[in-house]
Amino acid sequence: ARDAQGGTATRLRNNARVVLQYEQGFGSRVFEMRPVAKMRLDFGDVQVALVPDLHVVERGKSKLIKLSFGSEEPNEVEVRVVVQCLYEAANRQMGEFSGNAVSLFDVPRATEHRGARAGARMLREIEAACDTIAGIWPRIQEPARRKKTS
């Protein structure tokens with residue numbers, strides 16, 4: 001970063017900062033790395049792509065981890081949506097995962113968030129939001145199509 005300029009220097013300094021934050025907050029954890037699987041959830045006409053940042057084995061247990069590096073702490077709803085979607089996709093495509101085997105690591109604050117549940121109300125809320133998106137999507141796309149043909 002010392003030899004770089006502009007945006008490259010900023011990006012390299014930020015990368016170094018989050019690596020140090022990860023080491024301070026989670027460096028004592030011992031993970032055996034596994035290949036990361038790209039997953040998806042289909043809710044009617046809406047497809048949600050999910051890619052965990054880490055797929056690890058810790059103390060013999062397979063886990064999926066999403067990393068958050070934001071300057072602000074993720075709110076409770078954001079955390080619940082992320083862990084619930086990862087949990088659902090993993091169970092549908094990779095076999096059985098327990099709710100505490102799916103986590104969001106808030107790296108700057110060294111906090112691990114877990115807690116997805118089978119049949120959770122959050123899943124029903126996500127499904128309802130996707131139904132709403134599917135319902136309004138054609139109206140959102142129509143003005144864009146008109147602009148292209150004008």
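Is E112 buried, partly exposed or exposed, and at what relative accessibility? I looked this up and found 25%, so E112 counts as partly exposed, on a scale where buried means under 20% relative accessible area, exposed over 50% and partly exposed in between (1.4 Å probe, protein chains only).

Before going on, I note that this is a predicted model, in which local features need pLDDT of at least 70 and side-chain atom pairs count only at pLDDT 80 or more, while totals for chains, interfaces and linings use all residues. Residues are numbered from 1 along each chain as its sequence is written, and side-chain values use heavy atoms, with hydrogens and water left out.

**Entry: salt bridges**

I searched the whole structure for salt bridges (a side-chain nitrogen of Lys or Arg within 4 Å of a carboxyl oxygen of Asp or Glu), and the search finds eleven. In one of them the side chains of E112 and R29 meet at 2.9 Å, N to O. E112 lies in strand β7 and R29 in the loop between α1 and β1 (32–34), so this pair ties together parts that are 83 residues apart in sequence; helices (H or I, at least four residues) and strands (E, at least two) are here DSSP runs, numbered from the N terminus. R29, at 22% relative accessibility, counts as partly exposed.

I then turned to K63 and E58, whose side chains meet in a salt bridge at 2.6 Å, N to O. K63 is buried, with a relative accessible area of 9%, and E58 is buried with 5%.

A further bridge joins E88 and R92, with the closest N and O atoms 3.9 Å apart. Both residues lie in helix α2, four residues apart, about one turn of the helix. E88 counts as buried at 9% relative accessibility, whereas R92, at 46%, counts as partly exposed. Salt bridges that share partners join R29, E58, K63, E112 and R114 into one network.

**Entry: helix α2**

At the N-terminal end I found N75 as the cap, with a side-chain oxygen 3.0 Å from the backbone nitrogen of V77. After α2 comes G95, whose phi is positive, near 100 degrees. The buried residues of α2 include V79, V83, C85, L86 and Y87.

The 21 residues of α1 (residues 6–26) should span 30 Å, and I found the end C-alpha atoms 30 Å apart, which agrees. In α1, A9, V18, Q21 and F26 are buried, and what covers the buried residues of this helix includes β6 (102–106) and β7 (111–113), contact being heavy atoms within 4.5 Å.

How many aromatic pairs does a search of the whole structure find? I found three, where rings of Phe, Tyr and Trp (its six-membered ring) pair if their centres lie within 6.5 Å, planes under 30 degrees apart counting as stacked, over 60 as edge-to-face and the rest as tilted. The rings of Y22 and F26 have their centres 5.5 Å apart and their planes at 40 degrees, so the pair is tilted. Both residues lie in α1, four residues apart, about one turn of the helix. Y22, at 21% relative accessibility, counts as partly exposed, whereas F26, at 4%, counts as buried. I close this entry with the cluster into which ring pairs link Y22, F26, F31 and F105.

Technical notes:
A polar contact is a pair of N or O atoms within 3.5 Å; within protein, one must be able to donate a hydrogen and the other to accept it, and residues adjacent in sequence count only if both atoms are side-chain atoms. The expected span of a helix is 1.5 Å times one less than its number of residues.
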